[in-house]
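Please read it alongside the sequence and the 3D view below.

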4 protein chains.
Amino acid sequence: MTTRRELEREFRKELIARAAHRLFSSSSYEAITVEDIARGAEFGKGTIYQYFASKEEILAYVVCRGINRLCRDIEEQCLGQPDIRSALNTLMALQYRFHREHGHLFLSLLRRKLDGSLDPELFNVIRQKLKKKTELTATLLEQGIRAGIFVPVDSYKLARILENVIKGFILEDMEKRFPEADAEQDLEFIRLVLSEGIMLHGGRKTNGEAKEQ
Amino acid sequence: MTTRRELEREFRKELIARAAHRLFSSSSYEAITVEDIARGAEFGKGTIYQYFASKEEILAYVVCRGINRLCRDIEEQCLGQPDIRSALNTLMALQYRFHREHGHLFLSLLRRKLDGSLDPELFNVIRQKLKKKTELTATLLEQGIRAGIFVPVDSYKLARILENVIKGFILEDMEKRFPEADAEQDLEFIRLVLSEGIMLHGGRKTNGEAKEQ
Amino acid sequence: MTTRRELEREFRKELIARAAHRLFSSSSYEAITVEDIARGAEFGKGTIYQYFASKEEILAYVVCRGINRLCRDIEEQCLGQPDIRSALNTLMALQYRFHREHGHLFLSLLRRKLDGSLDPELFNVIRQKLKKKTELTATLLEQGIRAGIFVPVDSYKLARILENVIKGFILEDMEKRFPEADAEQDLEFIRLVLSEGIMLHGGRKTNGEAKEQ
Amino acid sequence: MTTRRELEREFRKELIARAAHRLFSSSSYEAITVEDIARGAEFGKGTIYQYFASKEEILAYVVCRGINRLCRDIEEQCLGQPDIRSALNTLMALQYRFHREHGHLFLSLLRRKLDGSLDPELFNVIRQKLKKKTELTATLLEQGIRAGIFVPVDSYKLARILENVIKGFILEDMEKRFPEADAEQDLEFIRLVLSEGIMLHGGRKTNGEAKEQ
DNA sequence: CATGAATGAGTTTTCATTCAT
DNA sequence: GATGAATGAAAACTCATTCAT
């Protein structure tokens with residue numbers, strides 16, 4: 001049962017998370033103070049702590065939100081689609097957007113974990129969700145394998161590879177200048193790599209699409 | 001002209017950088033204090049500032065050192081080699097190791113840049129060096145293209161793609177558990193992606209190597 | 001006249017005070033938040049402020065309650081008793097229990113007074129009640145003096161001395177480990193001191209009771 | 001070996017402790033901020049943390065200092081004195097002064113321990129020192145017992161009784177108004193209690209000294 | 001009356017950097 | 001040059017109290 005109280009509470013928590021995500025993205029998790037978030041959400045500093053036990057928990061919450069949304073989108077827009085190739089394109093675009101919007105938060109989480117300063121429980125929750133995300137991806141790839149579109153390897157590994165390639169491109173964008181990065185071109189490259197690699201094999205292959213940009 | 005003075009100075013700077021890199025890798029740049037570095041290098045805290053203007057500069061220096069070494073290694077071990085395929089393998093292993101050892105430092109640098117808290121000059125120096133690194137990689141790929149091994153696309157772009165794929169795998173390692181990551185297996189996957197992608201093309205391709213692990 | 005309203009109000013105030021005292025005793029006044037008290041009394045946080053103007057006032061109220069009860073007990077169980085020696089024993093036991101249960105609250109009150117952060121009015125109320133408590137004690141001692149049991153000194157001073165000795169032992173208990181302190185043994189020592197002191201006088205005195213524990 | 005460095009360091013630590021004690025005594029441990037202490041010792045706030053790991057540690061240090069000094073004083077001024085009665089008077093005066101000056105700090109320490117918020121290690125150190133203090137007191141009382149001045153009971157227990165009585169009087173002073181408390185009169189009462197108690201025994205005793213004040 | 005959401009003043013602690021010796 | 005003592009800005013977090021519903 002969800003009372004009005006709980007609904008309102010959830011709504012406000014969402015408002016705070018939204019403000020936090022916006023601010024984190026405009027600079028970085030570590031550069032934003034709890035007070036900044038409070039102001040951004042039009043609350044007092046203390047109020048934030050009624051919804052989140054710590055600044056770290058805000059970070060984890062925002063990341064979870066992102067993963068959840070991505071999983072939902074994959075389920076709704078990719079799985080069960082008749083056209084597997086098109087579903088795959090959608091999947092890549094969704095993952096790309098996800099990493100664009102949450103990748104940096106991830107890195108913050110990661111660093112804190114490497115420090116040992118991150119509450120392990122928080123990280124575990126995230127890890128579980130990420131696993132689920134990869135599994136959803138693997139589900140789609142499995143269908144692709146059956147349809148003869150993908151190489152017949154373990155689909156979970158394939159999913160990880162796909163994710164890693166995307167992450168690598170996101171990282172390059174961050175190194176350059178985040179906002180202007182051209183998603184479409186990135187995705188083009190990603191598709192190229194994933195579909196054919198970049199090496200020729202005994203002259204069999206002609207790669208007509210990969211023209212100079 | 002380099003006097004004995006200057007040589008000694010350079011040597012001590014190197015000692016400090018070495019200690020710093022070791023400490024950074026054991027946890028993270030932000031978790032290590034200048035005092036930790038000083039003790040690690042067996043100097044007093046104040047002494048560090050005789051060699052580096054700021055903690056940030058130590059970070060940048062360590063990263064530069066890594067890039068320089070990588071560039072030297074590429075030049076010595078890859079360029080000018082008769083066997084291009086083998087040179088490429090070496091290149092990938094070198095880049096992989098570089099990102100393994102310096103990737104996290106990069107992320108720290110990156111975040112500070114996104115904050116706006118990083119001295120832009122420092123970042124520019126790094127950016128230049130990175131560009132040079134990519135150019136060296138491109139040089140090798142160019143040879144590969146001429147030899148018909150690589151797809152005949154702009155070699156610089158090809159180099160970026162190669163780097164991105166490697167970075168993506170490094171990131172996955174960090175998310176899991178840094179120390180145990182299996183470099184050899186990662187490289188196997190990377191080679192697989194780069195050489196063939198993971199999608200089949202109208203039955204033309206048989207992918208015999210990509211067995212279950 | 002006391003309406004039902006007022007009675008109910010008084011009753012709820014009592015409930016809150018009871019919960020507060022229980023919580024304070026389990027750790028300390030300063031470690032317990034108003035919210036803890038509210039939950040302990042099964043009320044909302046805001047409700048507490050309908051019965052008490054401040055957290056401090058709860059403290060004062062609890063202490064007053066304790067003193068009132070002690071005074072009532074002294075009047076009922078000690079004064080007017082035919083056997084003065086037995087009445088005295090009862091008195092000491094009552095005072096001992098009072099300080100056991102309220103001593104720490106006292107110290108909190110005390111500290112705030114020393115800070116200057118305690119509302120002086122609250123402290124005055126307490127001081128008055130304490131004075132009354134000492135006067136009741138003095139009344140009993142007065143009877144004892146007339147009966148030749150106590151040294152014929154100012155009875156009020158005698159009462160203070162008696163109280164101080166008890167307080168000193170309570171303090172020792174707190175320093176050790178509060179819960180296990182042996183009240184009976186403490187009272188034995190207290191009686192010993194009060195009745196004979198611990199010094200011999202020209203061999204007049206033989207202290208048969210004071211055996212090794 | 002104590003280098004000049006260490007000596008200077010010790011000296012500055014002492015300065016800080018002195019300032020802290022002064023401030024604590026003028027109001028209370030909890031009302032004084034670390035910044036107050038820093039200003040009081042004419043240092044910057046951060047400097048304090050070069051000498052003490054936490055505010056709590058300052059408190060413990062100040063208390064230890066007090067106990068150490070008391071022990072030294074007892075050893076120098078009481079033990080080995082030919083006149084035991086006079087040595088006892090000195091002892092009582094020393095203990096009285098100690099509790100006057102450090103009693104409130106004790107209570108702060110005590111409360112934190114009851115909370116569970118005090119580092120147990122710190123408390124243990126203090127407990128050890130206190131035990132040593134009581135043992136020194138017991139040593140003197142032992143001599144008194146042998147000389148037939150004290151009741152022949154376990155000297156350690158006797159020492160605790162003596163301390164408790166003093167503490168009880170100190171507490172009364174604190175409840176009243178700290179600065180004006182009349183030490184001489186307090187000690188008079190304490191001596192009275194300890195030497196004879198306040199009860200008569202079958203008419204044997206005439207208490208000529210205990211006149212109206 | 002009862003409630004719990006909102007508030008922000010206040011405190012401890014960390015650490016990069018400076019500077020006198 | 002080398003050192004470590006001094007510094008203070010900055011930030012997370014707590015909690016008594018208020019107030020709209």
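## Surface near DNA strand F

In this predicted model, the residues of the surface near DNA strand F comprise six nonpolar, 14 polar and eleven charged. Here Ala, Val, Leu, Ile, Met, Phe, Trp, Tyr, Cys and Pro count as nonpolar, Asp, Glu, Lys and Arg as charged, and the others, Gly among them, as polar. DNA strand F is surrounded by 31 residues, of which the closest are Gly46(A), Gly44(B), Gly46(B), Gly44(D) and Gly46(D). A residue is near a strand if its C-beta atom, placed from the backbone, lies within 6 Å of it.

Elements giving two or more residues to this surface come from four chains: α2 (34-40) and α3 (45-51) of chain A, α3 (45-51) of chain B, α3 (45-51) of chain C, and α1 (4-26) and α3 (45-51) of chain D. Helices are DSSP runs (H or I, at least four residues), numbered from the N terminus.

## Numbering and confidence

Residues are numbered from 1 along each chain as its sequence is written, while chains are lettered from A and ligands numbered from 1 in the order in which they are written. Because the model is predicted, local features need pLDDT of at least 70 and side-chain atom pairs count only at pLDDT 80 or more, whereas totals for chains, interfaces and linings use all residues.

## Chains C and D

Between chain C and chain D, 45 residues of chain C are in contact with 45 residues of chain D (C-beta atoms, placed from the backbone, within 7 Å). On the chain C side, α5 (84-115), α7 (155-176) and α8 (183-196) each give two or more residues. The most come from α7(C), with 13 residues. This side of chain C divides into 23 nonpolar, eleven polar and eleven charged residues.

## Domains of chain A

Chain A is assigned domain 1 (1-52) and domain 2 (55-196), with bounds from an automatic or database domain assignment. Their C-alpha centres lie 25 Å apart.

Eleven residues of domain 1 of chain A are in contact with eleven residues of domain 2 of chain A. On the domain 1 side, α1 (4-26) and α2 of chain A give two or more residues, and α1(A) gives the most, with five residues. The residues on that side are seven nonpolar, three polar and one charged.

Note on methods: Contact = placed C-beta atoms within 7 Å.
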